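Hi,

Here is the structure I promised to pass on. Have it open while you read, and my notes on what turned up in it follow below.

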Amino acid sequence: MTLSLTATARTRPASCGLPSPRGLRPWVLSCIPGRRRSRTAKDANRRGDFGHTSFDFLGYTFRGRLAKGPRGYFTGFSPAISATARKAKGKQIRDWHLNRRSSADLSALAREINPQVQGWINYYGAFYRSELCFLAWRINEHLVRWAMHKFKRFRGKYAKAMAWLQKVYQYKPGLFAHWQLIAFT
């Protein structure tokens, strides 16, 4: 049985139009977990383009990203929120029209938007969570605009409204779901 398997392994790639198994050996060995890479294997540490590409699938973009491994940093092919999904979430945040809801208080806004934001965090934050920081900052900008419309003392004073929102964060850090993504400084 070993002879037939070896014979098949030698002839099969040629019948499919692939290079000989000897030419594939370094690449195959580099794919085995825990195995040292061969000097001839094309990897992320080499110069040049080796056909690395990206594609979108289910709201994620799969592309090469920096990752930390047991022997240092390397380029891994991992997913994160796609540009089209980012744009769609930004549009949904704008469509909430938070600055027009001056009759609502902050806790009512939190009750209203938290389920949707938590869903986004759970789905898109499963991989490469740091890519979601834009979401938190975008929502905070809309909350500051809400405060500028709600309170006369903040009209035209963006910095004061942001400082007020930071104080709210200090006293109630769990009020909004997106505050788990960032920390005010």
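First, a term you will meet throughout: a residue is buried if its relative accessible area is under 20%, exposed if over 50%, and partly exposed in between, using a 1.4 Å probe and protein chains only. Bear in mind that this is a predicted model, so local features need pLDDT of at least 70 and side-chain atom pairs count only at pLDDT 80 or more, while totals for chains, interfaces and linings use all residues. Residues are numbered from 1 along each chain as its sequence is written, and side-chain values use heavy atoms, with hydrogens and water left out.

**The overall layout**

The protein has six helices and three strands. These are DSSP runs numbered from the N terminus, with helices being H or I of at least four residues and strands being E of at least two. Along the sequence they come in the order α-α-β-β-β-α-α-α-α. Of the 185 residues, 32% count as buried. If we look at contacts (heavy atoms within 4.5 Å) between residues at least 6 apart in sequence, 49% of them join residues at least 24 apart.

**How the helices pack**

Two packed helices are described by the angle between their axes and the distance between the axes. Here the axes are lines fitted to C-alpha atoms, for helices over the stretch in contact, and the angles run from 0 to 180 degrees between N-to-C directions. As for the wording, angles under 35 degrees are roughly parallel, over 145 roughly antiparallel, 65 to 115 roughly perpendicular, and the rest oblique.

Take helix 3 (83-95) and helix 4 (residues 106-124). Their axes are 12 Å apart and the packing angle is about 170°, so helix 3 and helix 4 are roughly antiparallel. From helix 3, Ala-85, Lys-89, Gln-92 and Ile-93 meet Gln-116, Trp-120 and Tyr-124 of helix 4. Sorted by class, that contact has four nonpolar, two polar and one charged residues. (Nonpolar covers Ala, Val, Leu, Ile, Met, Phe, Trp, Tyr, Cys and Pro; charged covers Asp, Glu, Lys and Arg; the others, Gly among them, are polar.)

Helix 4 also packs against helix 5 (residues 133-150), where the axes come within 13 Å and cross at roughly 165°. That makes helix 4 and helix 5 roughly antiparallel as well. What is on the interface? Leu-106, Leu-109, Ile-113, Val-117 and Trp-120 on the helix 4 side meet Leu-135, Ile-139, Leu-143 and Trp-146 on the helix 5 side. The contact of helix 4 with helix 5 divides into nine nonpolar residues, no polar and no charged.

One more spot on helix 4 is Gly-119, which is partly exposed at 34% relative accessibility. The C-alpha atoms of Gly-119 and Ala-177 are separated by 9.6 Å, although the two are 58 residues apart along the chain.

**Aromatic pairs**

A pair of aromatic rings is described by the distance of the centres and the angle of the planes. The rule used here is that rings of Phe, Tyr and Trp (its six-membered ring) pair if their centres lie within 6.5 Å; planes under 30 degrees apart are stacked, over 60 edge-to-face, and the rest tilted. By this rule there are 14 aromatic pairs.

One of them is Phe-55 with Phe-77, a tilted pair at 6.0 Å centre to centre and 35° between the planes. Phe-55 sits in strand 1 (residues 55-57) and Phe-77 in strand 3 (residues 72-81), so the pair ties together parts 22 residues apart in sequence. Phe-55 is partly exposed with a relative accessible area of 40%, and Phe-77 is partly exposed at 44%.

Trp-146 and Trp-164 are also tilted, with centres 6.3 Å apart and planes at 35°. Trp-146 is buried at 1% relative accessible area, and Trp-164 is buried at 19%. Elsewhere, Tyr-60, Tyr-123, Tyr-124 and Phe-127 form one aromatic cluster.

Most residues other than glycine have a negative phi. His-97, not a glycine, has a positive phi of about 50°. His-97 lies in the loop between helix 3 and helix 4 and is partly exposed at 32%. Tyr-128 has a positive phi too, near 55°. Tyr-128 lies in the loop between helix 4 and helix 5, and is partly exposed at 31%.

Cheers
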